[in-house]
Structures are given as C-alpha cells and as structure tokens.
Amino acid sequence: MSFHLSYQEAPGNPWFSWQYVRDNSETILAALREHATLTAQAVLIAALIAVPLAVAAYWFRSLTGPILAFSGVLYTIPSLALFSFVAPYLGIGTRTVLVGLVIYALLLIVRNTLAGLNQVPPEVRDAAQGMGYGRFARLLRIDLPLALPGILTGLRLATVSTVALVTVGVLVGHGGLGQLILGGFRNNFYRAEILTGTVLCVALALVLDLLLAFTGRLLTPWLTRRSAR
C-alpha cells in the first residue's frame with residue numbers, strides 16, 4: 001500500500017493541524033487499519049508458535065536453555081538487516097513485515113508463558129496427577145489456565161512492542177502509521193504529519209493493551225477475587 005499525502009502548509013509548520021487531519025482523513029484511517037491489522041496478525045501468529053515452544057521447554061527442561069537462547073538471538077537481529085535477509089525470498093510486501101514482527105514477538109511470549117507455567121504450584125500438579133490426569137489433560141485443564149496471567153503478560157508486552165515495530169515496516173512499503181511519520185520527514189519535516197502518526201501509534205498501543213488487560217480480568221476472575229480480599 002502506498003500513501004500519497006496532500007496538505008496545506010500551515011504558517012510556522014505547527015505540530016498539530018486539524019486542516020491536515022481533515023484533508024487526509026482517508027489516508028490516516030487506511031494507515032491506522034493497516035497498522036492494527038499487522039499488529040493483530042503478528043501477535044496471533046507469534047502466540048501460536050511461542051506457546052507450544054514454551055510448553056516444550058516446560059515439559060523437557062533440557063530444551064529450556066536452547067529455546068530461550070534461540071528466541072533471544074532472533075530478537076537481537078537488527079530490523080533493517082532482517083528485512084534485507086527476508087525480502088529476497090518473500091518479496092516486498094506484508095509477508096516480509098509479518099516475518100520480522102513475529103520473530104521479535106516470540107521471545108516476549110515464550111519467556112512469560114514459561115514463567116507462568118513454572119509458577120503453577122507443585123502440589124496442584126501432584127494432585128492432578130493423583131486424580132489420573134495425563135500430561136495433555138493436565139496441560140489443558142490445569143497448567144495453561146493457571147499460567148494465563150503470565151501468558152497474557154507476554155501477549156501485552158508483545159502487542160505494545162509490535163505496535164512500535166510496525167512502523168519499521170515502512171522500509172519495505174508496509175509500515176502502517178510509519179508511512180505518515182516517514183512522509184512527514186520527506187515533506188520538509190512537516191510536523192503535523194509526523195505528530196499525527198506518532199500520537200496514533202501511542203493511542204493504538206494503549207487501546208490494545210487495555211483490551212488485553214480487560215480480557216485478562218475476564219479470563220482470570222480468581223485473581224480479581226483474591227485482590228479484593
């Protein structure tokens with residue numbers, strides 16, 4: 001998606017301009033939709049990969065170090081270099097951006113999911129085993145539900161981080177609100193364009209974080225009751 005912006009230069013190049021917002025409302029909304037869509041897709045795909053990896057590390061302790069180390073190494077790859085490696089194979093498009101975003105979200109979800117699983121009380125696991133629960137039944141009915149706070153913490157951190165990282169996708173033409181920020185620099189440092197993209201990024205991160213926090217309260221009512229005592 002390419003964004004062609006039009007605006008009327010305001011006297012003094014102000015940091016905010018309603019005129020700019022009105023004239024470019026469709027472009028701004030398109031950038032916001034792309035940003036939100038890329039974030040949701042990346043976090044969902046990362047969760048589908050990271051949670052099983054965390055479970056494997058939880059079940060087989062010898063895998064804990066290698067899994068955390070591998071996801072940690074991936075997290076340290078500079079985004080510019082990563083896109084340069086991936087783009088020749090996947091092309092310039094959303095797939096390249098998604099690969100990078102998923103890679104950067106993995107460590108946050110794996111680490112917090114594993115922490116949540118490790119915090120399941122041993123006596124609860126022993127009681128479940130004594131009741132005849134197998135490994136998979138215990139995972140689904142005991143371990144994962146009790147590890148939900150840790151999993152949701154990982155999802156929240158990954159979501160906020162991904163909202164910020166989506167802007168880097170502008171390097172391959174799909175950066176959501178990053179298109180506005182870069183466009184502002186290209187348009188003789190047009191401040192209203194830069195600030196609009198920046199504020200919407202922050203607002204999107206806050207809204208998504210609040211939604212996940214609210215979802216977490218609904219899924220873990222026992223924590224709410226405990227804190228109310």
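Hi everyone, let me start with a definition: a contact means heavy atoms within 4.5 Å of each other. With that in hand, look at the protein as a whole: among its contacts with a separation of 6 or more, 74% join residues 24 or more positions apart.

Now a word on what we are looking at. This is a predicted model, where local features need pLDDT of at least 70 and side-chain atom pairs count only at pLDDT 80 or more, while totals for chains, interfaces and linings use all residues. Residues are numbered from 1 along each chain as its sequence is written, and side-chain values use heavy atoms, with hydrogens and water left out.

The overall picture, then. We have eleven helices and zero strands; helices are DSSP runs of H or I with at least four residues, strands are runs of E with at least two, and both are numbered from the N terminus. The C-alpha atoms fill a box of roughly 75 × 45 × 20 Å, taken along the principal axes. Of the 229 residues, 44% count as buried, where buried means under 20% relative accessible area, with a 1.4 Å probe and protein chains only. The exposed surface comes to about 12300 Å², and carbon and sulfur atoms supply 67% of that; the areas come from the Shrake-Rupley method with a 1.4 Å probe, and for residues only the protein chains shown count as cover.

Let's walk into helix H5, residues 94–118. Is Thr-96 buried or exposed? Thr-96 is buried, at a relative accessible area of 0%. Setting aside neighbours within four places in sequence, Thr-96 touches Phe-83, Val-86, Ala-87, Leu-90, Gly-91 and Val-172. Its C-alpha is 11 Å from that of Ser-79, which is 17 residues away in sequence.

Also in H5 is Ile-103, buried with a relative accessible area of 14%. Between the C-alpha atoms of Ile-103 and Val-43, which are 60 residues apart along the chain, the separation is 9.9 Å.

Next, empty space. Rolling a probe the size of a water molecule over the atoms shows where such space is left. On a 1 Å grid over the protein atoms alone, a cavity is a set of points where a 1.4 Å probe fits but cannot get out, and lining residues have an atom within 4 Å of a point. Grid points are joined across faces, edges and corners, and the volume is the space filled by probe spheres set on the points. How many cavities of 30 Å³ or more are there? The count is one, and the largest cavity holds about 30 Å³ of space. Its lining is made up of Ser-79, Phe-83, Gly-100, Leu-101, Tyr-104, Leu-165 and Val-168. Helix H4 (79–90) and H5 each supply at least two of the lining residues, and H5 gives the most, with three.

In H7, residues 135–146, the buried positions are Arg-138, Leu-139, Ile-142, Asp-143 and Leu-144. These pack against H2, H5, H6 (122–130) and H8 (148–166). In H9, residues 178–186, the buried set is Gly-178, Gln-179, Leu-180, Ile-181, Gly-183 and Gly-184, and their packing partners are H1 (18–23), H2 (25–59) and H10 (191–219). After H9 comes Asn-188, with a positive phi near 55°.

Conventions:
Buried means under 20% relative accessible area, exposed over 50%, partly exposed in between (1.4 Å probe, protein chains only). On a 1 Å grid over the protein atoms alone, a cavity is a set of points where a 1.4 Å probe fits but cannot get out, and a pocket is an open set with protein on both sides within 12 Å along at least five of seven lines; lining residues have an atom within 4 Å of a point.
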